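Please read the following walk through the structure with the sequence and coordinates open beside it.

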Amino acid sequence: MTIITLIKQVPLPNEMRMGDDGLMDRTRAKSIINIDCQFGLEAGLQLKKHYPDARMIVCSMGPGSFEAALKTAVSMGYDEAYLLSDRKLGGSDTYATGLAISTMLKHLGFTKDSKEPFVIFAGRQTSDGDTAHVPSQVAENLGIPQATFCESAKPDGKGNIIAKRIIEGGYQMMQLPVPCLVSLTPTGIPPRKPSLVGAIKARNMAVKVFGVEDIHLGTEKIGLSGSPTIVAAVANIESERPPVVLSEGTTESALVDNLIANMKKCGNVLQHKEVKEKTEKERPDFPVIDTRGDNKHILTWAEIANGQIARPSLELFTPARHLVEQLDNDTKIKTVLIGKNVAPLARTLFEHGADEVILVEDDRLEEYLVLPFADIIAQIIKEQKPEIALFAATTSGRELAPRIAVKTGSGVTADCTGLEIGEYINRKDKKIICPILHSHRPTYGESKLATILGFVYPQISTARAGTFEVPQRVEGRTGAVSKFKPEFVEEDFRAQILETVRGGGGLQNLFEAEIIVSGGRGATSDGLKLVKELAEALKDKGLKAEWAVSRAVVDEGHAEYARQIGQTGKTVRPKVYVAIGISGAIQHLAGMKESGGVVAIDRNPKAAIFRNADFGIVGEYEDLIPELIERVKRGFTFGIEIKNNS
Amino acid sequence: MSDTNTVSTDVLIVGAGPSGLATAIHLADLLKKHDLKRRILLVEKGTAVGSHILSGAVIRVEILKELLPEVDFSEFPLNAKVTKDSILLLGESGSIKSPVHPPYMGNKGNYTASLGQLCRFLAAKAEEKGVEIYPGFAVSEVLYDDKGKIRGAKTIDTGVDHHGKPLENFQPGTEIEARITVFAEGTRGSLVKTVIDRFDLQKGRNPQVYSLGCKEIWSVPEGNIAPGEVYHTMGYPLNLHEFGGGFIYGLNDNRAAVGLVVGLDTADPTFDFHAAFQVWKTHPVAAKILKGGKLLEYGAKTLPEGGYYSMPKPYVDHALIVGDSGGFLIMPALKGVHLAIRSGMLTAETALSAFVKNDFSENTLKEYGTKIDDSNIYKEMYPVRNFRQAFAKGMIPGAFMFGTQLITGGAGLAGKVGVHTDVDATRKLKDFSGKPFKKRFAGKLEFDKILTFDKVTDIFYSGAHHDEEQAVHLHVNNPSTYHLNIEQYDAPCRYFCPAEVYEIHTGRNGHKELRIHAENCAHCKTCDIKEPGSGITWTAPNGGNGPEYQNM
């Protein structure tokens with residue numbers, strides 16, 4: 001067995017060090033192995049427990065300074081380290097990166113048909129790119145099955161890998177044949193520390209560095225010029241949330257008094273401010289070229305969860321309709337619906353905005369699987385030639401889109417929060433390409449908003465779940481259904497789903513709640529009793545209140561999946577979000593950071609939640625919440641007005 | 001597992017401070033000169049060399065030239081040559097310049113510096129000479145052979161829960177086998193403490209006594225202080241029973257280092273060293289210099305200041321003790337760096353002898369003792385051997401006694417003056433007759449977050465961090481009797497700890513209990529020294545944990 005882990009070195013996120021000017025000092029920011037990749041490294045080391053003689057390889061692509069990260073991996077327990085480092089790779093997008101890394105792996109002898117069994121581990125996504133594309137694209141280029149967004153990977157003793165894949169509101173146990181690729185979320189087993197023997201080994205070993213020529217990689221599809229997408233603009237997103245106002249006081253009662261006073265004093269709420277540093281250059285008088293040819297219409301994919309069209313897939317109709325309005329009048333929204341006996345769901349799609357539904361039905365397609373679905377959608381794209389293809393940025397959409405893109409040679413823009421039609425002024429070739437899709441996405445820990453353009457059709461983007469509203473349903477609206485008969489590839493069914501566990505959808509009222517009281521691992525010593533009581537007290541006052549939890553709490557069995565807030569749970573935006581005993585893992589923040597106001601209560605003043613909150617109290621929740629409940633009973637409503645009719 | 005998880009070296013040095021690095025550098029040079037090839041391995045618990053280094057610092061630089069004769073002096077990362085050196089006696093609001101400059105405090109020819117920076121420089125030089133330095137690894141255990149002799153040390157097991165139970169990501173510590181182990185752990189070393197106990201190295205000597213220094217680095221407006229300006233203060237906010245003083249050093253780039261160093265032999269169980277430092281900053285002398293400035297860094301460290309009579313015997317079979325771990329510090333001059341380096345160099349010479357003779361027993365290593373007594377260390381430390389003990393009786397009798405010591409060459413009127421441990425000085429609430437700290441400084445303990453800061457804010461500026469999943473590194477030695485410390489002393493640790501690690505929480509039912517916020521710990525070891533009753537033991541947390549000092 002060979003265990004290969006792909007890692008990237010990134011600047012340390014949340015580097016909490018102030019420079020002389022009081023701003024974050026980026027020059028001092030240290031580099032670390034991307035957090036998700038660290039979990040990938042650990043998953044590889046965990047698998048080694050079952051294969052004590054496994055060959056342990058760690059690979060990366062980037063500048064020479066990445067050797068430090070590779071050596072850290074060796075000090076944790078890896079043996080061989082390879083770095084693909086070449087100036088010609090500069091500016092590569094995810095498509096080009098996936099291609100380059102898979103070419104290096106092939107060069108090292110790892111192909112679909114290798115005699116030597118191997119498993120590739122990777123991080124789900126990187127903190128400086130946030131696309132989650134590369135693992136899927138490496139797997140597609142190698143032609144091997146994959147499981148992304150996983151928490152663990154264990155052998156089943158029969159030569160397969162059993163991976164636990166986190167999906168919205170639940171998880172799936174997947175069985176993968178070897179070779180395969182598994183990408184890890186930062187929620188599994190935390191990365192181990194280096195050992196001194198490992199550090200000594202790392203000091204005395206050499207990282208093997210390859211250039212593109214060493215691995216026989218042509219330069220036409222890599223680097224800035226070979227990549228199918230470019231970053232057209234980057235705007236700063238400024239001070240989304242002002243710094244937290246922490247309560248002061250020596251007793252619980254004083255701390256709560258102070259919180260109430262602070263909340264009255266400053267309406268510290270979420271503000272989106274996009275700072276456009278536009279140095280408006282004059283629009284040159286170049287010829288305007290429409291490069292679309294016969295590519296037309298917008299394709300979307302309708303994901304099914306619990307027998308219903310998933311909410312994020314309905315949200316897609318909002319940006320899709322907006323784009324139709326900006327494009328030619330006769331542009332249609334065509335939605336792909338894949339499954340077993342799913343024809344009745346077409347109605348929901350029409351009523352929310354689909355003009356046409358492309359239906360693919362087969363018994364074997366009852367559950368979403370990335371390999372057959374990617375193949376089928378790629379076949380539809382080749383037939384339909386859409387100019388744009390949109391996917392919801394769910395755990396499925398985010399692995400499906402990049403895998404399809406490798407098949408169509410397209411670029412993909414991940415996790416967009418804005419989609420517009422615009423133009424691209426190519427000053428070098430003196431032409432203006434119009435129309436072209438401008439995909440806006442936050443990046444660098446949400447501090448920048450990048451605009452990405454793709455030049456290969458279809459232009460593919462995934463849209464962040466929870467960002468767009470579900471369009472108003474138009475009862476009776478209908479359209480044409482066409483059936484598509486795909487060519488099945490037997491190999492696509494090698495990976496299987498053994499089990500899918502989802503909390504019953506339910507708890508839709510979390511989406512409508514004005515105030516959510518959310519408990520984390522640090523609020524479970526009483527089995528969430530106080531969290532529930534606070535929510536109850538707020539309800540009694542006539543507020544639309546609900547309680548929720550973080551992922552760890554669901555894992556420990558204190559609450560059902562349907563109440564989970566976060567990347568793998570629900571994305572909510574109440575007026576006020578009260579986080580109790582929640583440390584503020586990235587995956588949790590993704591689910592609540594759009595809340596109007598955030599009140600955090602935790603014993604650890606350095607918990608990340610305080611950097612994402614408006615008001616906070618540092619202390620023990622067992623002491624503070626009873627006090628808070630009393631105040632609510634006496635009329636404190638976290639600044640939310642009580643509507644008499646409710 | 002043990003065979004794959006063991007490394008062998010000729011010399012293991014624990015700690016990359018000035019003494020450990022000097023040992024490494026000088027030994028590498030000596031071995032080369034004698035054409036010997038020996039492995040020198042140095043482990044350091046900070047993330048990087050310098051992360052856990054804090055000092056004033058005004059440094060006597062001659063020793064650097066001696067340690068690294070091939071290095072051009074301008075290459076040393078020093079700050080500024082001392083241009084102005086004053087001692088100020090502070091009253092509550094005014095100050096007078098001391099008419100006489102006490103001897104041993106002169107700083108002519110010395111340099112202000114960041115000791116952390118200097119250590120990073122020394123580490124790079126040591127690496128060039130073939131020394132292997134591994135930062136980010138904490139050693140948690142001394143290893144003994146079957147005859148009870150030191151055979152090395154072991155790095156801490158990581159991937160364990162709060163009770164030390166292995167988790168899935170368990171990584172066992174590495175055993176480092178060494179012919180000579182050099183303890184350069186700094187003040188109150190957690191391993192060397194066990195070695196001193198085991199071999200009774202403090203026998204016939206005074207116990208070690210300490211001061212606690214709290215320090216901040218500020219960025220100040222141009223003109224507030226010039227690089228190389230040095231002020232030491234005596235008096236306010238300390239009273240005549242409390243030993244200590246403040247310092248203000250002008251650094252380059254319009255920065256100032258300020259700090260207050262106070263003897264840990266305070267009687268008031270509620271004495272708050274960090275708060276005293278904040279009060280000191282409000283005195284016009286300090287406030288004027290910091291006005292308009294901005295806090296950059298905060299840190300705290302204890303200093304072993306017992307002097308000559310408090311130094312443990314610094315050698316046993318297969319092991320040597322250097323720097324602060326061995327008490328190499330002269331209190332009257334507030335200086336230890338040059339002595340630490342010297343002790344490291346003498347250790348290197350001793351180790352060389354051991355390699356030449358191939359004998360690592362005390363028989364050879366005792367040369368270290370002779371070398372110390374033949375060196376400047378003795379010349380500097382012996383005359384002031386009774387300095388600190390004198391001041392244990394208070395500043396006025398202390399000054400008198402020290403005065404007589406100056407005349408008599410250090411003996412004073414009584415020969416060797418004994419001293420009590422710092423913790424013995426702590427009085428129970430009912431036995432403490434003075435004004436309790438909070439009353440004494442009533443109205444001055446509200447911190448404005450401009451000039452003065454609460455502990456939580458200050459500790460943020462130390463960069464301290466600790467892994468969540470690990471065994472708690474601070475142990476109340478007898479939890480079942482700790483309530484006595486709360487009842488009789490009001491839990492001194494909550495006051496003396498300069499990093500807000502200890503908190504007494506009062507439940508809604510009035511029950512009081514101690515809560516430990518180990519994640520804030522600045523590794524100063526005060527709790528290990530000063531907590532009465534059965535006390536608190538400080539052990540090393542995971543490597544790479546603790547403060548993240550940049551220029552302390």
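In chain B, an open sheet is built from three strands in the order β3-β7-β4, with antiparallel pairing. The edges are held by β3 (58-59) and β4 (78-81) of chain B; each has a single partner strand, so one side of each is left without a neighbour in the sheet. β3(B) is joined by two bridges to strand β7 (residues 111-113) of chain B, and the two run antiparallel. Within that pair, Val58(B) has Thr112(B) of β7(B) as its bridge partner. The model described here is predicted.

The peptide bond from Gly56(B) to Ala57(B) is cis, with omega near -15 degrees. Further along chain B, Asp253(B) sits in the loop between β16 (244-251) and β17 (255-263). Its phi is near 55 degrees, a positive value in a residue other than glycine. As background to both details, most residues other than glycine have a negative phi, and most peptide bonds are trans.

Chain A also has a cis peptide bond, from Val178(A) to Pro179(A), with omega near 5 degrees. Pro179(A) belongs to the loop between β9 (170-177) and β10 (180-184) of chain A.

Consider next chain A as a whole. Its secondary structure amounts to 17 helices and 33 strands. The radius of gyration of chain A is 25 Å, close to the 26 Å that the globule rule gives for 646 residues, so chain A is as compact as a globular protein of that length. The C-alpha trace of chain A spans about 70 × 70 × 55 Å along its principal axes.

One sheet of chain A is open and has six strands, in the order β13-β33-β32-β31-β29-β30, with parallel pairing. Its edge strands are β13 (245-246) and β30 (545-549) of chain A, each of which pairs on one side only. Inside the sheet, strand β32 (residues 597-602) of chain A runs parallel to strand β33 (residues 615-618) of chain A, and four bridges join them. Ile601(A) has Ile617(A) as its bridge partner in β33(A).

Helices of chain A lie against this sheet. Helix α7 (residues 252-265) of chain A packs on the sheet and touches β13 and β33 of chain A; the direction of α7 makes about 170 degrees with that of β33(A). Helix α14 (residues 529-540) of chain A lies across β29 (515-519), β30 and β31 (576-580) of chain A, and runs at about 165 degrees to β30(A).

Helix-on-helix packing is the next topic. Helix α11 (residues 370-384) and helix α12 (residues 397-408) of chain A pack at an angle of about 50 degrees, with their axes 9 Å apart. That angle makes α11(A) oblique to α12(A), and the crossing of the two is right-handed. On the α11(A) side the contact is made by Val370(A), Phe373(A), Ala374(A), Ile377(A), Ala378(A) and Ile381(A), and on the α12(A) side by Glu399(A), Leu400(A), Arg403(A), Ile404(A), Lys407(A) and Thr408(A). By class, the residues of this contact of α11(A) with α12(A) are eight nonpolar, one polar and three charged.

α12(A) also packs with helix α4 (residues 134-142) of chain A, at an angle of about 40 degrees and with the axes 8 Å apart. Here too the angle makes the pair oblique, α4(A) to α12(A). The crossing in which α4(A) passes α12(A) is right-handed. The residues in contact are Ser136(A), Gln137(A), Glu140(A) and Asn141(A) of α4(A) with Glu399(A), Pro402(A), Arg403(A) and Val406(A) of α12(A). Their classes are two nonpolar, three polar and three charged.

What remains is the contact between the chains. How many residues of chain A are in contact with chain B? There are 19 of them, in contact with 21 residues of chain B. On the side of chain A that touches chain B, α1 (35-48) and α5 (196-204) of chain A each supply at least two residues. The largest share of that side, five residues, comes from α5(A). By class, the residues on that side of chain A are eight nonpolar, three polar and eight charged.

Key. Residues numbered from 1 in each chain as written. Chains lettered and ligands numbered in written order. Predicted model: local features only at pLDDT ≥ 70, side-chain atom pairs only at ≥ 80, totals over all residues. Contact = placed C-beta atoms within 7 Å. Nonpolar A, V, L, I, M, F, W, Y, C, P; charged D, E, K, R; others polar. Pairing = 2+ DSSP bridges. Axes fitted to C-alpha atoms, helices over the stretch in contact; angles between N-to-C directions. Parallel < 35°, antiparallel > 145°, perpendicular 65-115°, else oblique. Left-handed = near helix turned anticlockwise from the far one by under 90°. Rg over C-alpha atoms; globule rule 2.2 N^0.38 Å.
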